[in-house]
Every structure is written in C-alpha cells, then in structure tokens.
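Please set out what the model shows, chain by chain, with the cut-offs behind each term.

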Amino acid sequence: MSEMWINMGPQHPMTHGLWNLRVRIDGETVLDVDPEMGYLHRGIEKISEDRHYNEVITLMDRTCYVAGLAWEHLYIIAAEKALRIQPPERADYLRMMCEEFQRIGSHLMWYAAFVQDIGLMSPFLYGMRDRDLVLDLFQSYTGARMTYEYMRVGGVRNDLPPGFTDQARKVLDWLVPRFKEYDQLCLGSDIFHKRCDHLGVLSASDCIRHGVTGPMLRSAGVKRDLRKNRPYSLYKEVDFDVAVADGADVTARYLVRMEEMRQSVRILRQVVDWLDAHPGPVMAETVPRWMGAPYAPVGREGYLLKRQYPKGVGFSSIEEPHGEAQAYVVNEGGEHPYRVKFRSPVFANLSAARTYLVGYHVADIPPIMGSVDVCVGECDR
Amino acid sequence: MQPADLERALAPKLGAGLIGVEPFEGMAGRVRFHREAALDLFRTVREDLGFAHLSMVGGIDWVTHREVFYVVWSDDANQYLVLSTDLPAEDAHVESASGVWPSANWHERETWEMVDVTFDHHPDLRHLLVPDGYVFHPLLRSFKLHEPEELEVKSRHV
Amino acid sequence: MSNVTLYSVSYLLSDTVLRAIGSVLPRPLSAWITNADLITGIAVLVFGALLLAASMLNTIVLIWWERKLLGRFMDRRGAMHVGYAGLLQNFADGFKLFRKTTVQPRDADSLGFYTGPTAYMVTSMILFGILPISSGWNSGVLPLSLLLALAVFSFAPLFIFVSAWSSNNKYSLMGGMRSAAQMIAYEVPLLLAVVAVVIVAGSFDLTTIVYEQQNYWFWGPLVVALVVFFAGMLAEMERIPFDLPEAEAELVEGWNTEYGGMLFAFFMLADYLRALVGSILVVLLFLGGWTLPTWVPAALTSFPLAGIVWFMVKTYIVFGVFVWIRASLPRVRTDQLLRVGWNRMIPLSLLSVFLAALLVTVKCLPVFGCVPSLGV
C-alpha cells in the first residue's frame, strides 16, 4: 500500500470525543499526524465575559464533562483571588473532597475508555460501574451527576447531607480492592504488556518542551504534582505521595493513574475524617448574600446591585485529573469578569501528538491516545 | 525569586526592551516588556532563568491596545512567571515563542484566531478551534454576543 | 434412535404430505404427485430447509448465549426485556436490521459490495450442512467431510477481502488486508492440528472420527493439537484477542464498516455461524462429538435426541470458553499476531503431528494406558 491520509475522527471510536486525528500512514506505520481540534469549541471564554462571576461556574461543568468539579475549583480559586475573597476552612476541605472524588471518577472513566481501546471488554463495565458509585455520592450532595454547580465564589453552595461521610467511607472501602482487580486484569495479562510496554514514549525533556503535564509528565519520572509542589486549597494539610513511574510509556501512564486513585482514596479518608470532626460555615461572610446565596438569583435583578470590587487579576493552577490546569481571571471592577483564560492540560498534551505517535502502528494509536486521556470538552473549551 | 531579582537579572540583557517587573499574587512576578525585545526575553527566561515550561499564551483585548501574556514555570525555582506585552490594536504582532518553547505553537494559533494577534515566524499559523476561513476574532470586545434583552423569552410557566 | 436420521424425517414428512394431497386429488394427478422421484426431490428440499432453519435458529440462540454470558462476565445481565430472559431480543434486532435501508457508498463497486456478504453467508451455511450433529443428523456419509468442511471454511478471507475492497473505504481495506493475512497465517497451524487428529483417528470422515473417540476423547492425548486448533479457530472466527480485522478501536468496524441493514446482518449471522462451526469442530475432533463416556449412566444417553442434546451442550460450553476469552483478554496487534502465528503456532502444530504419529506407532501412552483400538 502506498502512503495515504486517513481521518480518525470526528466520529471515530478512538477519539473519545469530537476531534479529528489526521494520520498519514504507510501500510500500518504512522508517518505523520495532525490533530484537528475545534469540533467542540463553545466559546466558553467569550461567554464568560458576559456572565456574572457565579454564572461562569455553570460553564465550568461543561468545560470538562468528566471533571466538572475540578474545573469549578480551578475557576473559583482564580475568581476569589481576583475578587479578594477568602473562603472558610470547611469550604476548602469540601472543595478538596470534590476534587479528589472527581479525580477518582475521571480516572475510572479513563480506565474504562482505555481498556476498551486495547480491546478489553469487561473492565470497561467494571470501571463504569465503580464510577457510578462516585457519581451517586456527587448526586447526594450536589444534586447532579455531571453538571454540579456546587462551588460558589466565597465557599460552596451547601453543606453535606447527614450520613454522607459514612456513605463516602463505604465507597472508598469498596474501591480499594477494585483497584487491585483492575491491575490483575491489565498488568496480569501478557497481551497487555505486549501492547503497552515501550509504546507512545514521551521522555521527560519532550514533555517539558511541549508543555505536557499531569500523569503523562509523572510517567516520565518527573515528580511534579501541583498539590505537592505548590499546594493550593489546603493540600498541605493532608498526607499523600506523588505517583510517579519510569518508562514514559503507556504502561507507566497506567501505573501513575492507578496509583493516583489510591492516593486520592488516602487523601479522601483524611478529608472525610476532618469534615466529620469540624462542622462550620461553608460560605464566607464577606460575600454579599446575592452572590453566594444557596440559590443564585434568577433573572437580571440580582445584578443590578452594582457592587464594585477592587480591580485585580487572579491566577490559579490546580492539578486537574488530566494535568495542570490554569485559569487567568481579569477583574476590571464590573460584575462580569473582563477576560477569562483557561489553560487546558489536554490541549497541551494533544499538541505534542506528533512526538508520541509517529513511528508506531495504526493499531497503537488507540492505546496511546487512550493513555493521554483526551477530554475534548476542556481542550476546545 | 522576587520581582526585584528578576528585574536585576533581566535588565542587562534587555535594556530598554524591559518596562518593569510587577508583583503578582502567586507568582514570581509579572514581566512587562516591549515587543521588540520579545525573543531576547524568551531566550533569557528560558535558558538563563530556567523557566523551561510554557503553560499558556493568552491575549486580552483592552480595546485601545491588546495584551499578550505568557505563563511560564520553572521546576527548580518552583515558581510561575507571567510575561506580558502590549501591542497596538491596529498592528498587533509579536515574535512567536514557539522557537523557544515548542508548546507555544498551539497556544499562539489559538490566540491568533481569537484576539487577532499575529505571531511572526510561527511555523504553522492556521486556525485551530474555529473553522478555516472564519473571518471573525471572537474574543475581541467588538465581537458582541447577543444582548440578553434582545432575546424574547417566552416562559411556559407564566 | 439411530435409525431416525434427518433425511428419513424429511422423507417421511414429504411422503406423508404428498400422499395426503394425493388422496384428495383426482386420479391422474394423484398418481403424479405421489411418484417416488417427486417425493425424494421434495424430501431433499425439506432436508435443506430444516438444515437452514436449524442453523439460523442455532446462530440466533448462540448470539443470545454470548450476550448473556458476556453480560455476566461484565457484572450485568445482558438482554432482559424481549421474551423470557431476552431470548427474543435477537429476533427483534434481526427485524430491525431487516427493515433498514441498505446504504451503498457512492463509489463502491456494486458487484463486490453485494456478492461479498452473500457469498460469505452462503459458504458459512454450507458448512452447517456438512457437519454431523448426531448419528442421525447428518447429510450422509462423506468420506472426506472434514476436508470439505475446512476447505469451505477457508473461503472466507476471499469474500471478506472482496467486500472490504469494494466498499471503497480505507478502514475497510485495511481490515480486509488484515483479515486475509490473519486467516492465511492461521490456516496452516489449523490444518496441521487437524492432521494430528486424522492420524490418530485414521479417517477424514467426521462421523468416523467421532466413533474413534468411543474409548477416550482426543483432547487428552492430543492436547497440543487442541491448543493450536483452538487458537487457530479464534483467529479464523476473528474474535478477541484476534479480532484485529474489525478492531473497533482503530478501524471503526474493520471490513464491514460500510455495511448496514441486511448486509450487515449477513455478516453478523455468518460470523456467528462460523463461530458455531468452530465450536462444533472442536467438539467433533476433540470432545467426542455426540457420544458420552461409558461411565455415564445409561439414562442420560438413551432418551430421544440425546445425541443432539449432548452435542449442543458441548458446543455451547466450548463457545462459552470463546466468550470467556473474549471477556477477559485484550486485543493483540497485527504484527504480534502474525509473529505468533508463524513462529509459535506452526512449530507447535508440527509438534502435535509428531506426537500423534508417535501415539499411533507406540499405541501406548503412560497416562491413558494402552488402547487396543488405535491404529490405522
């Protein structure tokens, strides 16, 4: 067969979203790739300019459809910095709990999609089954399974329902042995190693050159986790290890994500214990009622209160499940942010696609892209 | 690393190209520079100061002018740094950073199509998020979304 | 039950019906309608229809069986709503496919596009006619039925490649290439494993092979051949871990990407027919066919249609193993698959032939004892 371009996408089982990977192949060998993004571009940064600070949270859930709470957290930190608001301690713990549960949920979703990419059928269902438990927890205190709108500038919307912490502990107890099962199904299989070892190698220096972060960077042996390196929220209060692996290949990324889930469980146990022991307010008192009210004001009346905030720029960066996400919120004193800029880790991870795809086989593309964990929502924004 | 340290380190290399270094919450500082000095600044920041990781490039339309900012990160210093330059709105172009940080490639493509800032010597300045041939630049202030009042909202519950 | 065969049933049916019609018709017509040639002809047609119905029914039940098993392996229930435990789900799906428009891509080659799936389906159905299901259910004594079955079985890559190429889709073409490469690579070890069985049984006739297993089933002495045959069958059936031709992760649906509606149903049915045939061959060659070991109480083997029942039980268990493998293994890559095929499977199959020859020569195995009936 001579060389040809094939379009893997926009509707293709490999993409896990809506994007197009143009691949130039010779027989089964990949010669060149060119990702085409933008199929899911909704102009979230533009819409945010027309919205109140709390209304942007709604968009954050839609930015990344598997890690909505992490993106809410990202935006909230930046917005609070821009508006000079300090949340109460309990709210910070609640946010950490959200983010860690979201990390588990996102990684389980990744696991399910990834094993499907290498042809493992059953673990797909196992991953989805266990993710459902996490979603049930979300539902019990945010009321939603996907679009939570839980965090508010200055705190969180509501406290936990009674009995939540016990339920959370039950879920965590269920999850830990499941991770071992996942490992047995994947790492215990020779075919898995045949498929995934030394595949999609992206060395540490290449990662840094291309701005690749998150599990991909840690799989190259770089011990960089913003929760540890630059603790935001109250991550310095909890005890956990940064998951790293050597090899920089698909297997290493698998190991990193699995270890991250275990560490998340470890963090969650501490956070849940803390939440049990320390009741308190979940919303800062300095936040005007119309802004942090449990139910955001409906209609435009709420925004007629032309409260002036001091001008400022807020920058935040968090360790989102896919990598390092950043938000840059410019506050010009109005009721809307003047400009919101988000940095999506997936965006950067995908931009390096040529580096880690060229030279492998067509059949290797799904496992490699699966190990990148593509969430097109946050990439296109 | 404090803003004053940064200024001391950068001033000799850039001379008049450096406007100043402002403090910035959660970062080493905010380096303001003239676009002529862009490439020198990028190289100095990357090679001399060790900010090897470019996190994002973004543009802000201030109507009178446009601002382009670069967020970079150093693993050794464990610090972020933001570089920012102002460009005249009618002639918004700046040297591309993708020769120094390859990760700038896509971010600059996005900034180009969103806020209409041209990056000189960019290897591949194509549309990324909006379709090819799209003539608008959505993140300019002149690109208006619909006004909420213009929408006729008919609620079923009224 | 040995005197009741499929053909005798068809003949009886045709005979009864034609004579009944003849008894009410006026004289010259009744004589014509009850003449022996016509009865035989109709009986052959009935025979074919019965085979067809049985194969289709079996295939559909097989799909149900796979869905249920796969569901259980995945911690869910599988089809539940249509019919008892979802038994009729596949009929509903079939009707849905039947009603759908057949979409032909604009630049596809019509001849190949339609002939491919049809021929694939037809050759798979022929297979079902060749294989004996029990002492009564067979299409007569074919001295070389095993060879014929394998020959028809190996038509598939041709038709797959024709339909893949003519659908004018790059994914289809790649899937077709992979399919052809894979089937050709695994054809050789498969045949060599069969040769081992033939050496021990001393016949190419499947019925004889089954009766040669009266004393002991061949899977014991020929375990190497069984492993090779099983793996080869997995590859021929294009099931995980060897389902690269339709690896849906990278090739969308592989060689049947462009097929929808009834043509897709053809492929689907034919795939499962081939899966059924693969399981049947494993049962026939290694697991004693419709016979049961002698220590089994007579009550279990003497009820009507016992042969067919036990045969089907065995077949479905073997297919269950295929499903089990599908549920728990990842997919391999083409180059790995071919390397395993040429580098591992062929030496292994040669070893199995050697072992079989040894067995026949020595006529004794320490584990299984001396078997007097062995020998060509």
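## A covered helix in chain C

In this predicted model, helix α7 (residues 156-166) of chain C is mostly covered, with 9 of its 11 residues buried. Buried residues have 20 or more other C-beta atoms within 10 Å of their own; 12 or fewer makes a residue exposed, anything in between partly exposed, and the C-beta atoms are placed from the backbone. Helices (H or I, at least four residues) and strands (E, at least two) are DSSP runs, numbered from the N terminus.

The buried residues of α7(C) include C:Phe159, C:Ile160, C:Phe161 and C:Val162. Their packing partners are α5 (110-130), α6 (145-153), α8 (170-201) and α12 (261-286) of chain C.

Chain B has an open sheet of 5 strands in the order β1-β2-β5-β4-β3, with mixed pairing. Strands pair if DSSP finds at least two bridges between them. Because β1 (18-22) and β3 of chain B are at the edges with a single partner strand each, one side of each has no neighbour in the sheet. From one strand to the next the twist averages 20°.

Strands β2 (residues 30-33) and β5 (residues 79-88) of chain B are parallel and share 4 bridges. B:Phe33 is opposite B:Thr85 in β5(B). Helix α1 (residues 3-14) of chain B lies across β1 and β2 of chain B, at about 170° to β1(B). Helix α2 (residues 38-48) of chain B lies across β2, β4 (65-74) and β5 of chain B, at about 175° to β5(B). Axes are lines fitted to C-alpha atoms, for helices over the stretch in contact, and angles run from 0 to 180 degrees between N-to-C directions.

## Contact between chains A and B

The contact involves 29 residues from chain A and 24 residues from chain B; residues are in contact if their C-beta atoms, placed from the backbone, lie within 7 Å. On the side of chain B that touches chain A, β3 (53-61) and α3 (104-115) of chain B each supply at least two residues. The largest share, 6 residues, is from β3(B).

## Confidence and conventions

The scores are ipTM 0.82 and pTM 0.85. Where pLDDT is low, the predicted coordinates should not be read in detail.

Residues are numbered from 1 along each chain as its sequence is written, while chains are lettered from A and ligands numbered from 1 in the order in which they are written. Local features need pLDDT of at least 70 and side-chain atom pairs count only at pLDDT 80 or more, whereas totals for chains, interfaces and linings use all residues.

Key:
Two residues are in contact if their C-beta atoms, placed from the backbone, lie within 7 Å.
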